[in-house]
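Please keep the sequence and the model in view while reading.

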Amino acid sequence: MPDTPRSSHCLEIRRNKIRNKIKDMLSIKNLQARIEEKQILKGINLDIKAGEVHAIMGPNGSGKSTLASVLAGRSEYEVTGGSVEFLGKDLLELSPEERAGEGIFLAFQYPVEIPGLSTTNFIKTAVNEVRKYRGQEPYDAVQFLKLMREKMAMVEINQSLLSRSLNEGFSGGEKKRNEIFQMAMLEPKLAILDETDSGLDIDAIRIVANGVNKLRSKDNAVLVVTHYQRLLDYIVPDFVHVLYNGRIVKSGTKELALELEERGYDFIKNEVGQEA
Amino acid sequence: MKSEEVYQPEVQEVDESMSAINDTVNSEYKYGFVTEIEADEAPKGLNEDIIRFISAKKNEPSWMLEWRLKAFRQWQKMEEPHWANLHYPKINYQDIIYYSAPKQKTKPKSLDEIDPELRRTFEKLGISLDEQKRLSGVAVDAVIDSVSIATTFKEQLAEKGIIFCSMTEAIQNHPDLVREYLSSVVPVTDNYFAALNSAVFTDGSFVYIPKGVRCPMELSTYFRINAENTGQFERTLIIADEGAYVSYLEGCTAPMRDENQLHAAVVELVALDNAEIKYSTVQNWYPGDKEGNGGIYNFVTKRGICRGVRSKISWTQVETGSAITWKYPSVILKGDHSIGEFYSVAVTNNYQQADTGTKMQHLGKNTRSRIVSKGISAGFSQNSYRGLVHVGKNANGARNFSQCDSLLLGDKCGAHTFPYIEVKNNTAVVEHEATTSKIGEDQIFYCNQRGIDTETAVALIINGFAKEVMNQLPMEFAVEAQKLLAISLEGSVG
């Protein structure tokens, strides 16, 4: 079928119909949060369904990383209003480790280093703690090794990195690849990638994005937080939202990301300015 | 990908230790019980009559009594040292019972005749005195209060000519060895606490490994303070003759009591030509309660001498207990090409204070020493590393490497480093590195986000920090030590 504007329009209507039937995995309503006395999120509304990839874009200081941190449960941020429902549960009531158990994964912008703790041991502890939360038996060494081999191949990471201390002395690319490997191992329902592309060259971005794409399925969702459009060339989003001054001011499809790339964030600022 | 071949067994280890941590992380000091057993005690206080009483109780030869009395007279002229970064009320040396022995109806001739109550005490501590039950190949000398109550595997060891017995027995049965080596490393007047120990020591372990013998099992002594108001003063002497090897472990616990109890031990190690002694300690004396009441005052002198060429002495310590720790396991590197090592993890929580470190005295040529000290402080505690590296004028080619790392949990505790370096030979190379870090909220949150709760996260971070030292411990001790770290720091974060 030729890709005429009309047919594309039909497709979108049909897709929205289907979408409305599926229950939301994550439902954020009027979420507000501050750090110390500074109000950062001023009323975020966002619904994400299983199988979808959403991108949150926005200029520096717009609240992108705050949103990621609040969803993961970082205690420095105080939620001052709104609600977040994740798979039918009140997410804001859960501790960070319970959220992880429920299937939330945050790929950190700045993964921390823990000297002396091997990456493998760290991941094994994490995997088994999450399994325990879900009422599953912990993996023994053999089962864990099998899973690890499988996922290592998937995200192209090698053993030597995993036997080193967690993130210690890793390059920027190695740290991000390690984040994606952990994501593969933990098999989350919702993966939040916080500026995973920052500080990476184009080859590293491609490798990381490939890893994420292999992990995409109809059962999980991905929330990509990024400043630049280029990551979205590789992880193609279903929806793009622009965050500005603590609110989502514009939503659209992947074309919106291209428009932002072309015109810069100023046009958003101007639009919002005009509205205000 | 060649991952399969290089996969490390570490995962298995952590598996065990992690489940162990989970088991124990919510328990408090679990060795705080008291065994109800009648004791044979000396009256409180210290004078020459008490020393005669102790010596008579142990049926000692006159030379031993004279040696003790000499030490006592010296001690009376000495002053308690106060240079360490420790603060505690004055110790009343007349308010201590210097001899307390569990009353046993008849002296047990074999392990089967030990009072069942004592046997149960050690079972409860995880130390089986039943040889059949011990599969791990560790021989144990069990010391309760002032006396050794049992030593296992003595016969098997004797077949190789190895002597492993209580100090009391050694004085009776091997007087020549005792006279030759006792106080040859730590002179009676070395320091206040060593002099006190020399005057009143009541028991301890004695080890002699003959020429060319590699000790086939780990030797260990388990020290237990039980009686109230008593001090424990044990004396350990280990001699590795030419080409011999021994690995020795020391463990200790005490009941929870409101008053402070004094522990002042002396350990001496002698390594002759090409001999090696590996001495490991997991120190878990009662540390006092959360408000800083009670706990053991641990004033210990540990020193080894590498007397022969190419000999080696290695100290490994995991210090988690005691209200006060004053301890500097040292090595005198006399033999050419000899090696001294000191690996330490010292944990302080609540109101504990530790001033610990080492002395490496390079006297021989091409001697080497290595110091790895890891201090972990939490609560309101103070943790100090104090170390001396001395290179004598004849110690050509001496090398030392020291690394002192401190980790802080919270902002009310303190970590201090006092490295002293004296070099009198310009061919020596001495290196010192030191770091101080804090467990970050970032690290904890990162672990939390991966599904790991805060207690487990702290245990992972601590064990990572202490890994270089833990790796030096014999396997079964390492697991025990990891558990201890987790318990000691329980509730200190988050």
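## A residue in chain B

Is Gln232(B) buried or exposed? Gln232(B) is buried, because 29 other C-beta atoms lie within 10 Å, where a residue counts as buried if 20 or more other C-beta atoms lie within 10 Å of its own, as exposed if 12 or fewer do, and as partly exposed in between, with C-beta atoms placed from the backbone. Gln232(B) sits in the loop between β7 (218–224) and β8 (235–240) of chain B; helices (H or I, at least four residues) and strands (E, at least two) are DSSP runs numbered from the N terminus. From C-alpha to C-alpha, Gln232(B) and Leu196(B) are 11 Å apart in space, while 36 residues apart in sequence.

The model is predicted, so that local features need pLDDT of at least 70 and side-chain atom pairs count only at pLDDT 80 or more, whereas totals for chains, interfaces and linings use all residues. Residues are numbered from 1 along each chain as its sequence is written, and chains are lettered from A and ligands numbered from 1 in the order in which they are written.

Chain B contains twelve helices and 23 strands, and 54% of its 494 residues count as buried.

## The contact between the chains

In the contact between the chains, 35 residues of chain A meet 27 residues of chain B, two residues being in contact if their C-beta atoms, placed from the backbone, lie within 7 Å. On the side of chain A that touches chain B, two or more residues come from each of α3 (96–102), β7 (114–118), α4 (119–133), α5 (141–155) and α7 (172–186) of chain A, and α4(A) gives the most, with nine residues. That side of chain A divides into 19 nonpolar, eleven polar and five charged residues, with Ala, Val, Leu, Ile, Met, Phe, Trp, Tyr, Cys and Pro counted as nonpolar, Asp, Glu, Lys and Arg as charged, and the others, Gly among them, as polar.

## Helices of chain A

Helix α4(A) is mostly covered, twelve of its 15 residues being buried, including Phe122(A), Ile123(A) and Val127(A). From first C-alpha to last, α4(A) reaches 21 Å, close to the 21 Å expected at 1.5 Å a residue, the expected span being 1.5 Å times one less than the number of residues. Gly135(A), which follows α4(A), has a positive phi near 75 degrees.

Helix α7(A) packs against α8 (residues 202–215) of chain A at an angle of about 5 degrees, with the axes 10 Å apart; axes are lines fitted to C-alpha atoms, for helices over the stretch in contact, and angles run from 0 to 180 degrees between N-to-C directions. That makes α7(A) roughly parallel to α8(A), a term for angles under 35 degrees. By class, their contact has eight nonpolar, two polar and two charged residues.

## Sheets of chain A

Six strands of chain A form an open sheet in the order β6-β9-β10-β3-β11-β12, with mixed pairing, where two strands pair if DSSP finds at least two bridges between them. Its edge strands are β6 (104–107) and β12 (247–252) of chain A, each pairing on one side only. Within the sheet, β9 (residues 190–194) and β10 (residues 221–226) of chain A pair in the parallel sense over five bridges, and Leu193(A) has Val224(A) in β10(A) as its bridge partner.

Elsewhere in chain A, β1 (residues 24–35) runs antiparallel to β4 (residues 77–86), joined by eight bridges. β4(A) and β5(A) form a hairpin with two residues between them, and Leu87(A) in the turn has a positive phi of about 50 degrees.

Note on methods:
Angles under 35 degrees count as roughly parallel, over 145 as roughly antiparallel, 65 to 115 as roughly perpendicular and the rest as oblique.
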